[in-house]
Amino acid sequence: HNLSFAIVCVICVLFVLIYIRKIKKDIWIALFKSVGIAFALSAFFTLPMLEQLSSQTFYLDYYASSSDLGSQSMELWQYFANTTVFGLGGNTYEKSNTMLENVGWFLTFAPLLWLAVPVSKRREHSFVAKCMIIGYIFLILPSFLIPWNSMLFLRILQFPWRLEMFAMALLCIPACASFAFLRLKSKNIIIACTALLLSLEALWHLTPALNRTFGITSNTAYEQMIDGTIIDPYYSATYVRVECAGGDYLPSGSPDFRSYSAEIKDAQGNDLSISYEKKGTSLSFSLDADTENTQIILPITYYKGYQVYKIADGRKTAIETFESNDRMVSFFSTGEGDYICTYSRTPIQIGSAAFSLGTAALLIILAIRKRYNK
């Protein structure tokens, strides 16, 4: 998840700042080398993603600028409720219909056992205490005590309770370390019993999912998901939710796909009697002479990389391709002939893929050389 990754990066930077005086030159070198390698290996995804996000405005931008963070903050009771509820996120619903996002009783209280660990061990493992402090900060941040509605710059989070996942990861460290360093009799038995109880509780939380009457299985036909027999396929959206979920990466201003026909159209949105063949990301069709200089809108959502070509004598000639007012692939016809619209990878997509592959190949070669030089 891109947003979760970004928050983890912030946490990593925070820890670097905490230990900045203790970080030696060799650690800095290793750190920057690791960051560089990670970026190079993932460049095939990261750079095209940034290119596409900067080329258009997506529903994601709308969600980020209009999230009601205050209604998604956590009330006190939501921190301590220990059950599974298939409900809605937020604090404006009845308790029986409110989805719970807390980290559970164990991770809420077990990290405090670190305070009972001998002082010598706590000093030796100060990292654990820092994880506990930062973890509890993330635990408290989503609460109603924080003026979320005044923090407009954080709307990109969408939901304050998203921060609970980072509290969960950080609080696992002091919770587990406490059991490792506490002076307990029959420590192994206590740890084993605790693990067993937690596993049983996890099964108890998961059991309600098995008893739900609603479900999509391998036997579910696609028609059942879009005809409303299982679930509302739109669910307050203008597109098929079972296909696009939140539709974050649909261009903002896309048509209402519930009534939008999958036909080739003119500039006014009228269906044209033009048949086409679609194969993968390519769409082939033919136009008559009377369509010359006419704007044609294809039944393809526009993304940077789509290109229309006219085919003549076995050769393809690129035609200026642009985004229509309703965010579909569009172009002006150059007259009678065969046409094809296909997705062509951008230079950034090609270059970043080569960069990532080259990095992977180099790392493999270096690993092999290191192994045989031992």
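**Figure 1. Confidence along the predicted chain, element by element.** The chain as a whole averages a pLDDT of 91, and 99% of the residues score at least 70. Helices (H or I, at least four residues) and strands (E, at least two) are DSSP runs, numbered from the N terminus. This is a predicted model, in which local features need pLDDT of at least 70 and side-chain atom pairs count only at pLDDT 80 or more, whereas totals for chains, interfaces and linings use all residues. Residues are numbered from 1 along each chain as its sequence is written, and side-chain values use heavy atoms, with hydrogens and water left out.

Figure 2. The largest pocket has a volume of about 1400 Å³; a pocket is an open set of points on a 1 Å grid over the protein atoms alone, where a 1.4 Å probe fits and protein lies on both sides within 12 Å along at least five of seven lines, and a volume is the space filled by probe spheres set on the points, which are joined across faces, edges and corners. Its lining comprises 42 residues, of which Gln158, Phe159, Arg241, Gly246 and Asp248 lie nearest the centre, lining residues being those with an atom within 4 Å of a point. Two or more residues each come from helix 1 (2-18), helix 2 (25-55), helix 3 (59-66), helix 8 (164-181) and helix 11 (241-244), and helix 3 gives the most, with five residues. The lining divides into 24 nonpolar, eleven polar and seven charged residues, where Ala, Val, Leu, Ile, Met, Phe, Trp, Tyr, Cys and Pro count as nonpolar, Asp, Glu, Lys and Arg as charged, and the others, Gly among them, as polar.

**Figure 3. Aromatic pairs.** There are 15 aromatic pairs, counted where ring centres of Phe, Tyr and Trp (its six-membered ring) lie within 6.5 Å, with planes under 30 degrees apart taken as stacked, over 60 as edge-to-face and the rest as tilted. The rings of Phe138 and Phe166 have their centres 6.0 Å apart and their planes at 50 degrees, so this pair is tilted; because Phe138 lies in helix 7 (residues 126-140) and Phe166 in helix 8, the pair ties together parts that are 28 residues apart in sequence. Both Phe138 and Phe166 are buried, that is, under 20% relative accessible area, against over 50% for exposed and in between for partly exposed (1.4 Å probe, protein chains only). Phe285 and Phe331 form another tilted pair, 6.1 Å centre to centre with 45 degrees between the planes. Phe285 lies in strand 3 (residues 282-287) and Phe331 in strand 8 (residues 328-332), so this pair ties together parts that are 46 residues apart in sequence, and both Phe285 and Phe331 are buried.

**Figure 4. Charges over rings.** Lys95 lies over the face of Trp77, at 5.1 Å from the ring centre, and the charged end of Arg258 sits over the ring of Tyr234, 5.8 Å from its centre; the criterion is NZ of Lys or CZ of Arg within 6 Å of the ring centre and within 35 degrees of the ring normal.

**Figure 5. Positive phi in two loop residues.** Most residues other than glycine have a negative phi. Ala245, in the loop between helix 11 and strand 1 (265-266), has a positive phi near 55 degrees and is partly exposed at 47% relative accessibility. Asp313, in the loop between strand 5 (306-312) and strand 6 (315-319), has a positive phi of about 55 degrees and is exposed at 80% relative accessibility.

Technical notes
pLDDT = per-residue confidence, 0-100.
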